[in-house]
Amino acid sequence: MATSVAGDAQQSLNGIIPEPRDKKLTDLPSELLEHILCFPVLQHRDICNVSCCCKRLHDVCHGRGKVWGHQYKLRWPRLQRFYRQNESCDWLREYKTRHRVGIQIRRTVESISKRFFTEVVLGDSFAEIESLGMPEHFCEDELLFILNSDKRKSLTLKYYAKKILYFLRQQNILRSLKTFLERPVEQQLAVEGAVLVDQYCNPLAEVTLESISAQVDEIAEKVKKMLRIKNPSHPSLRVAQGDCLVVEDSDLQRQVVSALNSVLYEQLQYKGNEFDYYNPLNSYIHQVLVRHTGIPISLSVLYMTLSRKLGVQVEPVNFPNHFLLRWCQKPKGSEDIYDFVYIDAFGKGKQLTAKECEYLIGHQVTADYYSAISTTEVLLRMVGNLLNIGKRGEGNEKSYQLLRDSLDLYLTINPDNVQYLLLQARLYFHLGIWPEKVLDILQHIQALDPSQHGAVGYLVQHTLEHIQHKKHPVSPEVKRRSAEEHLEVQYSVGLIMKHKRSGYNCVIYGWDPKCTMSQEWITTMRVQQLSHGANQPFYNVLVQDGTCRYAAQENLEPHSAPLEIGHPEVGRYFSEFADDHYLANEELQTRYPEDMRETLGSVQELYHRPTPGSGNQEPAAATDQNNHQAMSM
């Protein structure tokens, strides 16, 4: 009876209380599932696999949800600045697009080495990147990802990634400059133009108008602090950043100028760079702010920007040989040169009369040179300085790049300047690059100035020959160490060497069994004074200081403590630094197929092997070649 009652009771309870069952992952709330799927250990492949398990997890991993947003931000953190906080976005679509861009960019960069190994590489060769039709910030992010990968590896990939990034950023800056020049004159600020010039010549540096403005504002606050001590009620103190104020009273203006000079030249120690005047860094506004030195025009732009922020209107003056500012001492609108005080920002803000300005340069000038100029004219003067520095260069890649960049800027501002158009055509012709562009430039010159037909005709003829030559390229010479005529070559490409006389460190990227330079070069460099003269192997080397040289075998010895060579062209020839030597990339290996075997097989022996002839007394001859074009292989 009792058993029967108990059984009935259990049966009754089973009808009321459901039987327990196991909890599943999919039973958890969506918020908790998202939290679990955002664990850093999970990668995009894991999320794809999870979303394929069932409809519930597929819904949790939807494209606009937190899970794919987390994956996107985790993998490409630099891209977050392109999205507003809490922005609704199809993160899965963004992830797929960025992933595809990365694959395409890598393929393009890898293909470039084979095509441009034998040429001087300029950014214009990378126009195909723009034609990919992909989001530009995705392309740049992948290029930066390549550049920031393992320092010693993928050197060739990084070399061309850097070239492409240089090109892409310059194209953006040129577009910004053109937009800037289309603005009304009163909206063209000299400091903004100076930033654009700086950015174009240094596209890989993180120079922004915002950062420059912030530094200028910081100096302006220091001036206000000093001004507050002298005159607590000065109107310049009541001006908020971004507001426009003009101080009319001359005494109040003098107080601003005095405080500005005190802060800029005494407190912050800004000064003109008299000892390294032709260093291009003096022309870049971000370097002026970092180094507290510059040339007259760059310091004048900084001085003018600060004074205008504080309510004193000074104007730029295109004075010959020495850029100045002028500050009107009479009612507004006067053009009498004697109604102005002229400020020498290079000379610690010294105030000059019109006559004293002539003493500054050592000769008289007409009244026209005392006139105020526009921002466009300021930029032309600034870029013209860089052009002259490029022309003064040593004919290496760095000076060619500066010349090319400054020509691009100048002709963007003043596109019909025949003199500089012809210089640009000659530069490209000299470097042997971009012949189609040369023909376009020459056609434009002929339309602007038919009297240039002689120079134009010569360049057209030789450029057409160059184009025909490119259609039938000559296979590069293959040099084998085992060949009888190469038996005296002791060192292989990729070895880290030290110059016995000059002491510089370098890496070999090519060699000749005998000196192949002209007789003029051999005589100039006094090669005949070497114990073996020109009848010995000579090596193309990349030097630690950024130059390329051609050194005699008897002047080189293996480095006792091999180190990386910080030369910008290393990636053009080598794929990796392997602790004590460089590994030649695929292109260099095709030219020196037996060198890598020699380098890898006997590198340790080479670094400790006594060099034949090392005891010979060498003449004090300059036996290195420092002309980039003459060294081209």
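In this predicted model, R326 forms a salt bridge with E335, and the closest N and O atoms of the two side chains are 3.2 Å apart. R326 also meets E315 in a salt bridge, with an N to O distance of 2.8 Å. Because R326 lies in strand 4 (residues 324–328) and E315 in strand 3 (residues 314–317), this pair ties together parts of the chain that are eleven residues apart in sequence.

The residues around R326 can be set out by their accessibility. R326 is itself buried, with a relative accessible area of 2%, whereas E315 is partly exposed at 28%, and E335, at 53% relative accessibility, counts as exposed.

A further salt bridge is found between R98 and E142, whose closest N and O atoms are 2.9 Å apart.

| Salt bridge | N to O distance |
|---|---|
| R326 and E335 | 3.2 Å |
| R326 and E315 | 2.8 Å |
| R98 and E142 | 2.9 Å |

In general, side chains of opposite charge can pair when their charged atoms come close. The count for this model comes to 23 salt bridges. Through shared partners, salt bridges join R78, R98, R106, D141 and E142 into one network.

Helix 16 (residues 375–392) and helix 17 (residues 397–413) pack with their axes 8 Å apart and at an angle of about 155 degrees. Since an angle over 145 degrees counts as roughly antiparallel, helix 16 and helix 17 are therefore roughly antiparallel to each other. Helix 16 passes helix 17 in a left-handed crossing.

On the side of helix 16, the residues in contact are T376, L379, L380, V383, G384, L386, L387, I389, G390 and K391, and they meet S399, L402, L403, S406, L407, L409, Y410 and I413 in helix 17. Sorted by class, the contact of helix 16 with helix 17 has twelve nonpolar, five polar and one charged residues.

Definitions and conventions: Residues numbered from 1 in each chain as written. Predicted model: local features only at pLDDT ≥ 70, side-chain atom pairs only at ≥ 80, totals over all residues. Heavy atoms only, no water. Axes fitted to C-alpha atoms, helices over the stretch in contact; angles between N-to-C directions. Helix = DSSP H or I, 4+ residues; strand = E, 2+ residues; numbered from the N terminus. Parallel < 35°, antiparallel > 145°, perpendicular 65-115°, else oblique. Left-handed = near helix turned anticlockwise from the far one by under 90°. Contact = heavy atoms within 4.5 Å. Nonpolar A, V, L, I, M, F, W, Y, C, P; charged D, E, K, R; others polar. Salt bridge = Lys/Arg side-chain N within 4 Å of Asp/Glu carboxyl O. Buried < 20%, exposed > 50% of the residue type's maximum accessible area, 1.4 Å probe, protein only.
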